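Here's a quick tour of a protein model, made for someone new to reading structures. Take a look at the sequence and the 3D view, then work through the points below.

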Amino acid sequence: MTVGELLKEYRVKQNKSQKEFAAEIVSQSYYSKVEKNVHRITADDLLLLLTHNAIPVKNFFEKLEIDPHQQQLNQVNAIFEERTKANYSDNSLAQIKKIKEKAAKLDVEADMKKNMMLIIDGVLESEKDDPNTFDFNLRNKLKEKIFLMPEYDTYKLSVYANFVDLYDFDSNRQIIKQIVKALKKKKVERQDEILFAIILNVLKQGIEEQKYNETNELISLGHQIKVIPEFFLYREMLTFYEELIAYHTDRKETHLEQCNLILESFEWGGMSAFGKEMIKFFDKYKEQ
């Protein structure tokens, strides 16, 4: 665990904002980057932060001891973060293949690497559109893998987010309810980000299956997630799906106009490849 990760853990437990926790010892913006491991904090400032927030110095540094297994898990999670970002970029398939090559070189436990490579192969499998080319053995392995994971941690949520299509829409709605219930009892790293991605993927599936009336709960859940700059694309996509679903309810052209504005924004924002995929989706399902 890094200094930034441990500081965040204490801050969340104390239910403080970053501004409250930083207490002008360092700026809120600088502290935010410390939590993300972008900036390092000086020893003097760290001690001041610990003192201000009543955190015993001895306990803090004992917790900071590096767990080799956790260190390896962090490397694996970093690979999955790269994969998620690749999904929204140009040449996503080529990038995922490069990530697979990088993952194969990681120095981690054999079982951990085996599971990681299974997931990445699954991502490449999910890019297939023709059912005649599907590897059903691989798909069943992935479904079994998700089911057998003991609890909803960051890793399991990330895996599930990538493979919601292994389940039908109604099953995914029930799984999301279980996830939300579990996260209320035990928070995990990046839970809002991953939950948002899951909601969007299942909303897309709901449109594909024409389950418009059953999407309201998911849309409401998406709106409950606090928007930060990193989630701006997710909120745009939530609005896009919401407007498209609304169009199928009342057939008002204003909903399609809003969808088109969002699609244009992908081009303006330099995400042309992702935008083209969304346009294909829009053209296919707007009048189904």
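A salt bridge here is a side-chain nitrogen of Lys or Arg within 4 Å of a carboxyl oxygen of Asp or Glu. By this rule the model has 15 salt bridges. Keep in mind that you're looking at a predicted model.

**Salt bridges**

- Why pair up at all? Side chains of opposite charge can pair when their charged atoms come close.
- Take Glu125 and Arg139: they form a salt bridge, and their closest N and O atoms are 2.9 Å apart.
- Glu125 sits in helix H8 (residues 110–126) and Arg139 in helix H9 (residues 136–148), so this pair ties together parts that are 14 residues apart in sequence.
- Are these two partners buried or exposed? Glu125 is buried, at 4% relative accessibility, and Arg139 is buried too, at 18%. The cut-off to remember is that buried means under 20% relative accessible area.
- Glu193 makes a salt bridge with Arg190, with 3.1 Å between the closest N and O atoms. Glu193 is partly exposed, with a relative accessible area of 23%.
- Glu287 forms a salt bridge with Arg251, and here the closest N and O atoms are 3.1 Å apart.
- Glu287 is in the segment after helix H16 (272–285), while Arg251 is in the loop between helix H14 (232–250) and helix H15 (253–268), so the pair ties together parts that are 36 residues apart in sequence.
- Arg251 counts as partly exposed, at 39% relative accessibility.
- Some salt bridges share partners, and in this way Asp170, Arg173, Glu209 and Lys211 are joined into one network.

**Helix H7, one side in and one side out**

- Helix H7 covers residues 92–104, which is 13 residues.
- Which residues of H7 are buried? They are Ser92, Ile96, Ile99 and Ala103.
- Look down the axis of H7 and its buried residues fall within an arc of 55°, so they line one face of the helix.
- The face turned away from that buried side carries the exposed residues Lys98 and Glu101.

**Helix H16, a similar exercise**

- H16 has 14 residues, which should span 20 Å at 1.5 Å a residue. The end C-alpha atoms are 20 Å apart, in agreement.
- Phe274, Gly275, Met278, Phe281, Phe282 and Tyr285 are buried in H16.
- Seen down the axis of H16, the buried residues fall within an arc of 120°, so they line one face of the helix.
- What covers the buried residues of H16? The cover includes H12, H14 and H15.

**Loops worth a click**

- Arg40 lies in the loop between helix H3 (28–35) and helix H4 (43–52). Arg40 is exposed, with a relative accessible area of 78%.
- Setting aside neighbours within four places in sequence, Arg40 is in contact with Tyr30 and Val34.
- Arg40 and Lys145 are 105 residues apart along the chain, and 37 Å separates their C-alpha atoms.
- Asn37 is also in the loop between H3 and H4. Asn37 isn't a glycine, yet it has a positive phi of about 65°, and it is partly exposed with a relative accessible area of 40%.
- Ala23 has a positive phi as well, of about 50°, although it is not a glycine. Ala23 is in the loop between helix H2 (18–22) and H3 and is partly exposed, at 27% relative accessibility.
- Thr215 belongs to the loop between helix H12 (191–208) and helix H13 (216–224). Thr215 counts as buried, at 0% relative accessibility.
- Which residues does Thr215 touch, not counting those up to four places away in sequence? Thr215 touches Phe169, Leu203 and Ile245.

**A nonpolar patch on the surface**

- Leu47, Val57 and Phe61 form a nonpolar patch on the surface. Together these residues have about 230 Å² of accessible area.
- Val57 lies in helix H5 (residues 57–63) and is partly exposed, with a relative accessible area of 34%.

Terms used. Residues numbered from 1 in each chain as written. Predicted model: local features only at pLDDT ≥ 70, side-chain atom pairs only at ≥ 80, totals over all residues. Heavy atoms only, no water. Patch = residues over 30% accessible without salt bridge, like charges linked within 9 Å, V, L, I, M, F, W, Y side chains within 5 Å. Areas by Shrake-Rupley, 256 points an atom, 1.4 Å probe, with all protein chains shown as cover. Helix = DSSP H or I, 4+ residues; strand = E, 2+ residues; numbered from the N terminus. Buried < 20%, exposed > 50% of the residue type's maximum accessible area, 1.4 Å probe, protein only. Contact = heavy atoms within 4.5 Å. Expected span 1.5 Å × (residues − 1). Arc of directions from axis to C-beta.
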